[in-house]
Amino acid sequence: MIKRLLVTGAGGGLGRYVRERLKGPAEILRLSDVADLSPAGPGEEVMRCDLADRTAVDELVRDCDMILHLGAISVEANFDALLQANFLGTYNLYEAARKAGVRRILFASSNHVIGFHPVEERLDDTAARRPDSLYGVSKCFGEDLARLYFDKFGLETACLRIGSCFDEPKDRRMLSTWLSPGDFISLITKLIAAPAIGHLVLYGVSANRDAWWSNAHADFLGWQPQDTSEPYRETIERREEEPAAGSDYQGGRFATMGILGER
Ligand code: NAI
Ligand code: 15L
């Protein structure tokens with residue numbers, strides 16, 4: 001068990017799963033978001049912080065052993081917004097972590113770093129990155145920053161290329177990309193407990209019949225997803241008869257969107 005786990009973006013959807021379900025691996029959860037999260041429950045500390053504020057992030061990270069970095073704009077957006085929350089926010093976090101001697105970061109990357117690969121392809125951690133959006137590019141930046149901080153300073157990161165983590169898969173694409181909340185929590189738990197992970201790239205996906213991604217290189221973690229999207233297939237296929245926008249690409253509609261806030 002570690003002493004203190006910082007969770008950024010704790011006010012969002014995945015943050016809610018963590019707050020409700022992550023029990024055991026950390027004595028104290030330090031929960032943070034740009035939005036207010038108070039009041040703190042038992043075993044929780046709450047700190048409001050904008051990740052773009054360097055001084056505030058330095059303060060936030062102090063005394064933390066590990067970080068689950070969820071805080072970000074989590075969909076496609078205009079570049080100026082992504083620049084603050086995702087690029088600058090992630091840089092501030094890594095710098096603060098380096099200065100504070102944090103051992104490991106679990107970085108919520110995204111399937112949108114490889115979203116322009118066709119759905120016929122099967123990928124592992126060696127796949128070329130093909131971001132499908134500026135949002136995907138911001139996650140590529142986070143993965144590269146993580147690599148730099150491991151090679152230069154030995155700061156470990158698991159880059160979690162999360163598929164679609166929601167209560168249930170919502171459409172045909174998510175029959176391939178769904179990560180159940182339970183599998184998300186068990187993956188986080190394994191990543192906190194592992195003695196050493198180095199710099200690791202992983203796909204956050206449940207045991208779906210038609211999954212596109214392999215984590216065979218990370219067998220040493222002993223993580224076995226328990227859920228599958230199959231029970232939802234019939235309803236989804238009945239509801240969604242026509243191919244959706246972007247259905248040729250793993251990133252789905254992110255691949256067919258234009259640049260938001262184009263000048
Ligand atoms: P979300 O949008 O529900 O939550 C993100 C949280 O980050 C929000 O509470 C927001 O207030 C906070 N945030 C945004 N800008 C901030 C800033 N400047 N400073 C501090 N906090 C800020 O997103 P969700 O679904 O919970 O995702 C969490 C992370 O996982 C995100 O980084 C997202 O990109 C990533 N991810 C999520 C997937 C999913 O299926 N839910 C799939 C792939 C990646
Ligand atoms: C993501 O990266 C987003 O954060 C999430 O909201 C979903 O769009 C997910 O990818 C997805 O691809 O389904």
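In what follows, Ala, Val, Leu, Ile, Met, Phe, Trp, Tyr, Cys and Pro count as nonpolar, Asp, Glu, Lys and Arg as charged, and the others, Gly among them, as polar. The model described here is a predicted one.

Asp-33 places a polar side-chain atom 2.6 Å from an oxygen atom of the ligand. The backbone also takes part: a polar backbone atom of Gly-13 is 3.0 Å from an oxygen atom of ligand 1, and a polar backbone atom of Ala-72 is 3.3 Å from an oxygen atom of ligand 1. Taken alone, ligand 1 exposes 820 Å², and the protein buries 84% of that area.

The description now turns to ligand 2. The residues around it are Ser-74, Ser-110, Asn-111, His-112, Tyr-135, Gly-163, Ser-164, Phe-166, Arg-173, Met-174 and Phe-254. Divided by class, this shell holds four nonpolar, six polar and one charged residues.

A polar backbone atom of Ser-74 is 2.5 Å from an oxygen atom of the ligand. Ser-110 contributes through its side chain, with a polar atom 2.7 Å from an oxygen atom of ligand 2. Asn-111 likewise uses its side chain, where an N or O atom is 3.0 Å from an oxygen atom of ligand 2. On its own, ligand 2 has 320 Å² of accessible area, of which the protein covers 83%.

A further feature concerns empty space in the protein. Rolling a probe the size of a water molecule over the atoms shows where such space is left. The second largest pocket has a volume of about 220 Å³. It is lined by 16 residues, and the closest to its centre are Ser-214, Asn-215, Ala-216, Trp-223 and Pro-225. By class, the lining of this pocket comprises 10 nonpolar, five polar and one charged residues.

How values were computed. Residues numbered from 1 in each chain as written. Chains lettered and ligands numbered in written order. Predicted model: local features only at pLDDT ≥ 70, side-chain atom pairs only at ≥ 80, totals over all residues. Heavy atoms only, no water. Near = heavy atom within 4 Å. Polar contact = N/O pair within 3.5 Å; in protein donor to acceptor, adjacent residues only side chain to side chain. Areas by Shrake-Rupley, 256 points an atom, 1.4 Å probe, with all protein chains shown as cover. 1 Å grid on protein atoms, 1.4 Å probe; cavity = no way out; pocket = protein on both sides within 12 Å on 5 of 7 lines; lining within 4 Å. Points joined across faces, edges and corners; volume = space filled by probe spheres on them.
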